[in-house]
Amino acid sequence: MKRIIILTVIVLAAFTVQAQDVELRDDHPREYVVQEGDTLWDIAGRFLTRPWQWPAIWDANPEIENPHLIYPGDVISLVFVGGEPRLRVDDSVRRLSPEVRREPIEGPISTIPFDAIEAFIRRPRIIGAEEFEQLPYVIANNEERIYAGPGDRTYVRGLEDARVGEEFVLARVTYQFEDRSVDPDSEIKIKRNRILATKGQVPSDVRPPSAIWKATIGRMDRFNYPIIGYELWETARARVLKAGDPAILEIVSGRRETVAGDFALPIDDYQYDPHFYPRAMDSVPDHARVLAMTESSYGAGHYQIVAINLGASDGVEAGHVFSVFRPGSTVRDERGYPAWSRKAAQNRDERYVDLPDEFAGQLMVFRAFDRLSYAIVLEGSANTVRVDDHLDHPDRRL
């Protein structure tokens, strides 16, 4: 007899969404055979108008050793229990012995495409300003080469106490983050300043203030925003050959060349849970915004990565889902309040109209730092996600 296994999500109790609140798609299938390359999010989107709600209709089955795993070939069926929808999985094909199965079993599918987020889980590091100032740094490469790669030696200051054989991450700073929340008139709560070796390649409005500015006008309270952290990306790994000032390191691997000015950080392989459970924050802060995009200067689309200005200190965790909205522009009502008319002069506040925000997509956080987080765009309309777009509860679409 075919055994129907009911999937579970052990964190169901923590979710506020109930099964009766879940909305099914009009064109949902009765069942779906999981294909290689599918994600849980994509499959949920075949059944639900709001894919992030799928944990609410997956039941528990204590008989399954690891009920989070779904494999290609499993059959997902939509059934109703007590009038409420449930998604069930038939894994009878997978449970057949290898001698009986026609096809080998592939690995379990993931909630979101891991390939898209892997680099952002392993390579970036966001650290506080105080820690940043204390980081050891590359003073020069062997023979004062501009670039050094695997097998080359590089010299680092600040590693006097390092052990011979100890490995370090070599990283390059990419962004500086200013805390502008102290300014009540500023709509930007966290400003991201891009850092490149060639400052001229960065527009003046998105690069750190110059030394002259900081020493003069920048010392005024209204311009003296505190620095809350830096983003650094791993470029290489190196092993200490001799401690001292400077220490001698041999580059043992690298994705990019090492240059003077790079920093040395302790090895810290981030441990993460590969299973992300979509859910909403109890309350989304009003200032929640898209802070930055990767690999794009215009907008981020499906499965691209963005940074948001919320972090663990705001209560954000991996799995939190947000709807993204493009702020509406402000237009002048020339028909109702013509320029130079008495009506316009007597109703100054009525002359301009704020157009409504437009839904641009949905994203899910996969790694949260203290004040910032990385998120993946899982759903998007014709409007791509852009910097300064607003974040709201994932149920909101208008």
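This is a predicted model: local features need pLDDT of at least 70, side-chain atom pairs count only at pLDDT 80 or more; totals for chains, interfaces and linings use all residues.
Me: Where is tryptophan 340, and is the residue buried or exposed?

Reply: Find the loop between β15 (330-332) and α6 (342-346); tryptophan 340 is there. Its relative accessibility is 88%, so tryptophan 340 counts as exposed.

Me: Let me step back. How many helices and strands does the protein chain have?

Reply: The protein chain has 6 helices and 19 strands. Of its 398 residues, 44% count as buried. The chain exposes about 21,800 Å², and carbon and sulfur atoms supply 48% of that area.

Me: What share of the contacts comes from residues 24 or more positions apart?

Reply: Take the contacts with a separation of 6 or more. Residues 24 or more positions apart account for 72% of them.

Me: Which residues touch the most other members of the largest nonpolar core?

Reply: That core has 25 residues. Ile112, Ile117, Ile305, Phe366, Tyr374 and Ile376 touch the most other members. Now see which elements build it. Those giving two or more residues are α3 (114-122), β7 (167-179), β12 (290-293), β13 (305-308), β17 (358-368) and β18 (373-380). There is also a second, separate core of 20 residues, which includes Val22, Ala44, Trp58 and Ile76.

Me: What is isoleucine 112 in contact with, leaving aside its neighbours within four places in sequence?

Reply: Isoleucine 112 is in contact with Thr39, Ile117, Phe276, Met364, Phe366, Ile376 and Leu378, once those neighbours are left aside. Ile117, Phe366 and Ile376 are also among the core members that touch the most others.

Me: How should I read a helix? Which residues of α1 are buried?

Reply: Start with the general idea. An α-helix has 3.6 residues a turn, so residues three or four places apart point the same way. Then count the cover. Helix α1 (residues 40-47) is mostly covered, with 6 of its 8 residues buried. These are Leu40, Trp41, Ile43, Ala44, Gly45 and Phe47.

Me: What do the buried residues of α1 pack against?

Reply: Strands. The buried residues of α1 pack against β1 (31-33), β2 (75-81), β3 (84-90), β14 (321-326), β17 and β18.

Me: How do I read a polar residue? Is glutamine 53 buried or exposed?

Reply: Check the accessible area, then look for a partner. Glutamine 53 has a relative accessible area of 3%, so this residue is buried. Glutamine 53 lies in the loop between α1 and β2. Its side chain is joined to that of aspartate 395 by a polar contact of 3.2 Å.

Me: Where is asparagine 141, and what is its relative accessibility?

Reply: Asparagine 141 is in strand β5 (residues 137-141). Its relative accessibility is 2%, so asparagine 141 counts as buried. Leaving aside its neighbours within four places in sequence, asparagine 141 is in contact with Ile146, Tyr147, Ala148, Arg153, Thr154, Tyr155, Thr258 and Val259.

Me: Now the surface. Which residues form a nonpolar patch there?

Reply: Trp213, Ile217 and Met220 form one, with about 270 Å² of accessible area together. Isoleucine 217 lies in the loop between α5 (211-215) and β9 (227-242). Isoleucine 217 has a relative accessible area of 37%, so the residue is partly exposed.

Me: How far apart are alanine 243 and glutamate 160 in sequence and in space?

Reply: Compare both scales. Alanine 243 and glutamate 160 are 83 residues apart in sequence, but 5.3 Å apart in space, C-alpha to C-alpha. Leaving aside neighbours within four places in sequence, alanine 243 is in contact with Leu159, Glu160 and Ala162. Alanine 243 is in the loop between β9 and β10 (247-254). At 27% relative accessibility, alanine 243 counts as partly exposed.

Me: What kind of peptide bond joins aspartate 245 and proline 246?

Reply: Read omega. The bond between aspartate 245 and proline 246 is cis, with omega about 5°. Proline 246 is found in the loop between β9 and β10.

Note on methods. Residues are numbered from 1 along each chain as its sequence is written. Side-chain values use heavy atoms; hydrogens and water are left out. A nonpolar core is a set of buried Ala, Val, Leu, Ile, Met, Phe, Trp, Tyr and Cys residues joined through side-chain atoms within 4.5 Å. Buried means under 20% relative accessible area, exposed over 50%, partly exposed in between (1.4 Å probe, protein chains only). Helices (H or I, at least four residues) and strands (E, at least two) are DSSP runs, numbered from the N terminus. Contact means heavy atoms within 4.5 Å. A polar contact is a pair of N or O atoms within 3.5 Å; within protein, one must be able to donate a hydrogen and the other to accept it, and residues adjacent in sequence count only if both atoms are side-chain atoms. Patches are made of residues with over 30% relative accessible area and no salt bridge: like charges are joined within 9 Å, nonpolar side chains (Val, Leu, Ile, Met, Phe, Trp, Tyr) within 5 Å. Accessible areas come from the Shrake-Rupley method with a 1.4 Å probe; for residues, only the protein chains shown count as cover. A salt bridge is a side-chain nitrogen of Lys or Arg within 4 Å of a carboxyl oxygen of Asp or Glu.
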